[in-house]
Amino acid sequence: MQSVFTGPVYVVSDNIDTDQIIPAQYLTLVPTIPDEYEKLGSYALAGLPESLYPARFVKNGNLDSEYPIVVAGKNFGCGSSREHAPIALGSAGCKVVLAEGFARIFFRNSVATGELYPCELTERLCDKLKNGDVVTVDLDAGTVKIKATGKAVKIKPLGDVRAVVDSGGLFNYARKTGMIAK
């Protein structure tokens, strides 16, 4: 599986909740239907207030984001327990969310769906980076390297959950390891 991700970041602050990640009016989209899965991604982070986030994660009229990596502060994914949140980000092309901390339900939904890697930072980056800054996330080395400065920041190991995300989610992992029938 892929272990190194390089690209421009989209930066948000603390307490980004699931209503901001995917507003409730889009929860009628069914992620298991391919066309609706694609459409869901076009609404990722659409609930962020434009006054604070004038640059949109997914530009109007697009299905995908130009930002494969989201950098956040504390408590990313708080709020209601909607699995649509990591699915919308994944559908938009996000591969990794780097945050100071995650709401437990968002972290678990990210792992269960296998949509993206929820990586916890060891230091605050959302105040040091801006949209478009390029970073390289190396899951094996446990680092985030900032291209502009060359500085490397540690991320906490994903541990056993990495294999689940690598497999594409909980059900795929269970099938792969023989926990459930293929």
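**Setting up.** I worked from a predicted model, where local features need pLDDT of at least 70, side-chain atom pairs count only at pLDDT 80 or more, and totals for chains, interfaces and linings use all residues. Residues are numbered from 1 along each chain as its sequence is written, and side-chain values use heavy atoms, with hydrogens and water left out.

**Counting.** I looked up salt bridges (a side-chain nitrogen of Lys or Arg within 4 Å of a carboxyl oxygen of Asp or Glu). The count is 11.

**R124.** I found a salt bridge between the side chains of R124 and E100, at 2.3 Å from N to O. R124 is in the loop between β4 (117-120) and β5 (134-138), and E100 is in the loop between β3 (96-99) and α4 (104-113), so the pair ties together parts 24 residues apart in sequence. Helices (H or I, at least four residues) and strands (E, at least two) are DSSP runs, numbered from the N terminus. I also noted a network of salt bridges that links D14, E100, R124 and D127. R124 has a relative accessible area of 22% and is partly exposed (buried is under 20%, exposed over 50%, partly exposed in between, with a 1.4 Å probe and protein chains only).

**E123.** Which residues does E123 pair with? I found K128, with the closest N and O atoms 3.0 Å apart, and K151, with 2.9 Å between the closest N and O atoms. E123 sits in the loop between β4 and β5 and K151 in the loop between β6 (143-146) and β7 (152-154), so this pair ties together parts 28 residues apart in sequence. E123 is partly exposed at 26% relative accessible area, and K151 is partly exposed at 36%.
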